[in-house]
Structures are given as C-alpha cells and as structure tokens.
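Here's a quick briefing for anyone opening this structure for the first time. Have a look at it, then read on.

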Amino acid sequence: MVSQGYTRSEYDHCLYFKKLNDVFIILVLYVDDMLIVSKSMGEISKLKAQMARAFDMKDLGAAKQILGIEIHRDRRNGKLSFSQEKYVEKILERFGMNKVKPMNVSLDSHFKISSGLCPSSDEEKDYMSRVPYANAVGCLMYAMVCTRPDISHAIGVVSKYMANPGKEHWNAVKWVLRYLRGTSDYCITFNQTSDSICGFVDSDFAGDLDKRRSTSGYVFTLADGAISWMSKLQDTIALSTTETEYIATSHACKEAIWLRGLLREIGRLQNSVPVFCDSQSAIHLATNPVYHSKTKHIDVKYHFVRQAISEGGVDLKKGHTKENCADMFTKPVILEKLCWCVTSLGLTKK
C-alpha cells in the first residue's frame, strides 16, 4: 500500500488512505479481509487492479458483510446501517435460547452479582463445569464490541467471573441472551444530518460488590450513530462520586482525542470534541486545577483530562442526567431510559 502512494494511519495501523484532489480513497484491512471506501468508483477499480496484481484476491463487489457484520444501504434516504442479526441468531441457536421468552432490558436490577455467588459445593462445581459459560460470554462480547453497545454493561458484569462462575452468574448470561432474542434485528443506523463527533460520559459509584470499585462508561456518536463505546470497571476505589466521574471523563477524553485525530487524517477536521458529563463538580475539578488539596490522592494519569481541555481538543460540557445516553454503560437502567439511550445511539430495528 505504501509503494502505491498510500499513507498508513498513525491512529489506526489497519487503515490506509490517499488524497486525490478533494477525493479520499480509504482501505481498511483486517488480516485478509478488506473494505475500500471512496466517492470515486474509478479510483476503487484502480486500487483493486493494483491489489490483484500483487495478491490472489476475490472481488465480492459492493460490501454487504464483513467479519460477521451485515452492511445495509438506503441510498434514497441517505442511511447506512450495520447489524449482526445472523450472528446473534446463530448464538441463540447454539446455546438453545432461540425459542425462549424475550426480555425488555439487557440486565435487570435484581441481579446482585458478586464473587459470593461462585460455587461453594462440589455438586455446584460439577454442574457449572458442564455449563458453556466462557463460550457464551465470548460470543456475546464480539456482538457487544461490534454493533451492540446496549449490552456493554451486562457483558462487563458477567465477564468478571469467567474463571469460576456460579449458577446466578449463568442466569445473568441467559438473561442477556433472552434480551437479544427480542432485539436480534437491532442495527446501528447512520444519517447524513451530522458530520461531527459528540461524546457522553458517566459513571456509577461503588457498584462493584466485591471491591467497591466504580464503573466508567462513555459513548461517541457520529452521523447520529454510535461509533465508539466503553463500559469498564475502574482500576482504583474512588472516594466520591466526583472522583468517579472525573476518572471516567479522563478515559473519555483520551478516546475523543484519538477519534478527532483519526478523522483529521481523512479530511474531517473538527476543532474540538464536545463531551457531555452530568457531574458539575467533576467539570469544575477538570477545568480548575486550584483544588489541589482535594485531588492529591488521585493518580496523576487521570489529570490528563485537564491537559486535553486546556489544549482545546476536548470541550467538556454539562449535560443533564436525563439526557446522558452513557447512563446505560454504568448500571442497569429501567426500560424507558434504555429505550431512549438505544434510540439516541442510532440503534433501531430493521
């Protein structure tokens, strides 16, 4: 690719691009699968001919699927959608959950998951040794990473017990599968209404019942669809809700800067990325470094958020809790809030 005049992205080494006048041609590579994107069909044909001279290749035409992700185009309405319906249906059939009653939420609040639910008797250990817990969680994790941000928090919870799961942990996994039973046709839809990145960040407080750690969650959208998301247990125990939100904001700022740089390489310049946080105290802590006595115990790496804001790459803004779609990445939410979050991230039924 380099010998043909393409540039390898500094932000993602699987992406190569070339600018020809006002037209970009982009190649995204994953092992031996690739996608070519450009407004110029002539340049696409030229690149395919160059690649065919160097490698044994099969041209599958207009992209309809890659890595289990189905691609749908609605050119009339200017929409592009990604889904994993066939993959999800295959998972449900594999684990015998294709005919179960569906659930409305990805994980209900009645689940109090902890290590105290791990097997304690030989009988239970023997039973769980025959349960495909790790396989099920691994399959769900791939769906979560690619097109299903709505199960991120649930997968984060159940994946903590891969080494020694108990019956209640397995019940939580089956709950997620039952949720997918009713939402297997969900897809992330992108419109032409917005071409700028927007981020949302949130956290819970001491939600982990084992070590009382908190969960960070963020999501970024582009063209009214989710493009990047995370639900992750924080490395340290926070002493206040302000601190948990501050740590979560630090993670979100790092992602915002990476996304901004990646888009800048392919001609989509955005001066700053707005990141909405529902904690006014965390925003004050991030924008005003005078609170030294209250932040001495916070790890230095989390103060990266202050540098990101001062350099102008990130614009941290106050957003109301009711309008924060990152809420579902940190805790189980009620049906009404989940539906609103899902819609806000471009997740719709086909």
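**Starting at the chain's tail**

Let's begin with Lys 350, which sits in the segment after strand 14 (347-349). Helices here (H or I, at least four residues) and strands (E, at least two) are DSSP runs, numbered from the N terminus. Keep in mind that this is a predicted model: local features need pLDDT of at least 70, side-chain atom pairs count only at pLDDT 80 or more, and totals for chains, interfaces and linings use all residues. Residues are numbered from 1 along each chain as its sequence is written, and side-chain values use heavy atoms, with hydrogens and water left out.

**More on Lys 350**

- Lys 350 is partly exposed, at a relative accessible area of 47%; buried means under 20%, exposed over 50%, and partly exposed in between (1.4 Å probe, protein chains only).
- Leaving aside neighbours within four places in sequence, Lys 350 is in contact (heavy atoms within 4.5 Å) with Glu 70, His 72, Ser 83, Glu 85, Asp 185 and Cys 187.
- Lys 350 and Cys 187 are 163 residues apart in sequence, yet their C-alpha atoms are 6.6 Å apart in space.

**The whole chain**

- The protein chain has 10 helices and 14 strands.
- Why does a radius of gyration of 22 Å fit a compact globule? Because a compact globule of 350 residues would have a value near 20 Å, and the chain's 22 Å agrees with that. The radius is taken over C-alpha atoms, and the globule rule is 2.2 Å times the number of residues to the power 0.38.
- Along its principal axes, the C-alpha trace spans about 65 × 55 × 35 Å.
- Buried residues make up 48% of the 350.
- Take the contacts between residues at least 6 apart in sequence: 68% of them join residues at least 24 apart.
- The chain exposes about 18300 Å², with carbon and sulfur atoms supplying 52% of it. These areas come from the Shrake-Rupley method with a 1.4 Å probe, and for residues only the protein chains shown count as cover.

**The nonpolar cores**

- The largest nonpolar core has 52 residues, and those with the most contacts inside it are Tyr 133, Val 173, Leu 177 and Val 219. Such a core is a set of buried Ala, Val, Leu, Ile, Met, Phe, Trp, Tyr and Cys residues joined through side-chain atoms within 4.5 Å.
- Among the elements giving two or more residues to this core are helix 2 (85-94), helix 4 (133-146), helix 6 (167-183) and strand 11 (225-233).
- Helix 6 gives the largest share, eight residues.
- Leaving aside neighbours within four places in sequence, Val 219 is in contact with residues including Phe 200, Trp 229, Phe 329 and Leu 345.
- A second, separate core of 33 residues includes Ile 247, Cys 277, Val 305 and Leu 316.

**Two positive phi angles**

- Most residues other than glycine have a negative phi.
- Leu 67, in the loop between strand 5 (65-66) and strand 6 (69-74), has a positive phi near 55°. Leu 67 is partly exposed, at 34% relative accessible area.
- Asp 224 has a positive phi as well, near 65°, and lies in the loop between strand 10 (215-222) and strand 11. At 36% relative accessibility, Asp 224 counts as partly exposed.

**Out at helix 1**

- Met 41 is found in helix 1 (residues 41-54) and counts as exposed, at 55% relative accessibility.
- Met 41 and Asp 315 are 274 residues apart in sequence and 37 Å apart in space, C-alpha to C-alpha.
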